Amino acid sequence: GAPHVRYSARSHSPPHAEVARSLREGGAARTLAVVGGGLAGMSVAFHATQLDSSVGVAVFDTALPGEGGASAAAAGLLHPLTTRGGLIWRGVESFDSAARLVQRTQAHADEARAPGPPQPFYFEHGVLRVARSEAQAKIYEDSAAKARWRCADSPRAAKHFSWVDGDQARALIGKAAAPADCAGGVWCVRGLCIDAPSYLRALWTATAEAAASARWCVVEVRALAELCAQFDAVVVAVGAASANVPGLEKLPLSLVRGQTLCYRMPVEACPRVGVLGGVYLVPLEDAPGGRRVIGGATYEPLGMGAEVEVEADADAPSAALADLRAQLGLLWPPSEGAQLKGGRLHGSGIRAVPPRTHRVPLTGRVPGTENAWFVTGLGGRGLLYHAELGRTVAAAALTNDHGALLSETTAKRT
């Protein structure tokens with residue numbers, strides 16, 4: 001695989017030129033630097049190799065693959081449902097793109113691991129948005145009906161929005177794990193449960209093998225102009241740190257910290273499907289100690305991006321986790337008796353969230369540059385949108401064509 005190179009954060013000699021030179025010496029005809037190794041950045045890197053096998057890719061991040069940022073802390077539910085059980089913006093197209101990329105990456109990982117046993121990082125459990133009252137059930141059922149109508153020409157897409165009554169919902173979740181107030185739900189039979197850190201590591205491995213040459217550099221990029229001078233194209237995918245990038249300070253992004261908990265419980269006490277219900281549950285692999293379930297997430301607004309020091313997030317308030325444990329106890333009653341006072345901390349990350357008036361991610365050319373592009377504002381929908389946005393932003397960067405971007409993501413909203 002491609003080397004992981006650590007550079008001192010205090011180094012006065014930026015590694016940009018050295019890295020770009022090593023890519024060319026490794027056989028790359030042109031070079032792409034991706035700043036940020038989360039879901040969006042990794043998708044850009046991978047899709048660039050699919051668009052041009054002669055490209056050399058360098059990812060610059062402050063952590064190793066799958067070890068840092070909001071993406072690595074993501075619980076991992078892939079579905080196209082809104083909070084009301086309807087169809088989100090570009091939900092079907094984005095789901096299909098993301099599912100294909102996840103499955104392709106899993107196939108690559110399995111092939112590379114042969115003849116050893118497979119180690120899946122995604123599970124076809126399905127996802128259920130559960131209604132917690134009769135009033136909520138009516139809203140969800142209506143939203144699902146409208147979504148199915150919008151997908152009338154695609155029976156496959158319509159399967160994302162099946163309404164199930166309370167008894168059916170409890171049977172899907174498992175009666176021992178279902179909430180007492182379960183009143184039905186919107187059943188997304190194609191929904192996936194994903195171990196995000198493992199997926200990110202596998203996606204980097206697939207990217208490095210597909211590229212003409214590749215490097216992962218553990219270093220903070222402080223001078224975008226110097227990076228642009230050394231690489232043919234640059235993509236900035238730093239999420240919550242976007243406000244620290246010259247030219248992106250005025251993007252209308254707010255920051256929200258989310259924390260998740262990890263449980264290891266007997267299989268019979270665990271949900272059989274991914275569950276959305278105010279908070280969420282993500283069942284992953286089974287092991288001798290029981291099934292691993294990720295529960296999340298806290299919702300801790302931090303303000304606008306330019307007003308927040310992203311790195312000042314080391315000690316998150318315990319009150320938020322206490323509230324999360326209480327909410328998870330209502331959604332998943334067996335979790336109240338779990339060890340370690342309701343599960344151990346799984347991850348903590350800060351998400352960049354687009355404006356409420358237009359909840360669509362943001363992409364474009366970094367102002368004041370000729371060859372730098374950005375993708376940000378995926379919020380809590382990183383898994384859903386990462387493949388579609390990665391493909392379009394990679395195309396824009398390699399062709400230097402703004403028209404390759406999704407038009408809805410490029411509107412100026414400063």
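Glu 220 is partly exposed, with 37% relative accessible area. In this predicted model, Glu 220 has a charged partner: Arg 222, whose closest nitrogen lies 3.5 Å from an oxygen of Glu 220, giving a salt bridge. Arg 222 itself is exposed, at 62% relative accessible area.

That pair is one of 16 salt bridges in the structure, so let's visit a few others. Arg 264 and Glu 285 join through their side chains, with 3.6 Å from N to O. Arg 264 is partly exposed at 39%, and Glu 285 is partly exposed at 22%.

Now turn to helix α4, which covers residues 91-113. Here Asp 110 and Arg 113 form a salt bridge, again listed at 3.6 Å from N to O. The two sit three residues apart in the helix, so about one helical turn separates them. Asp 110 is partly exposed at 29%, as is Arg 113 at 28%. Elsewhere, salt bridges link Arg 90, Glu 93, Glu 388 and Arg 391 into a network.

What about the cysteines? The structure has zero disulfides. For Cys 151, the closest cysteine sulfur is that of Cys 188, and because the gap is 11 Å, it is too far for a bond. Cys 193 is in no disulfide either, with the sulfur of Cys 188 as its nearest cysteine sulfur, 10 Å away.

Notes. Residues numbered from 1 in each chain as written. Predicted model: local features only at pLDDT ≥ 70, side-chain atom pairs only at ≥ 80, totals over all residues. Heavy atoms only, no water. Disulfide = S-S within 2.5 Å. Salt bridge = Lys/Arg side-chain N within 4 Å of Asp/Glu carboxyl O. Helix = DSSP H or I, 4+ residues; strand = E, 2+ residues; numbered from the N terminus. Buried < 20%, exposed > 50% of the residue type's maximum accessible area, 1.4 Å probe, protein only.
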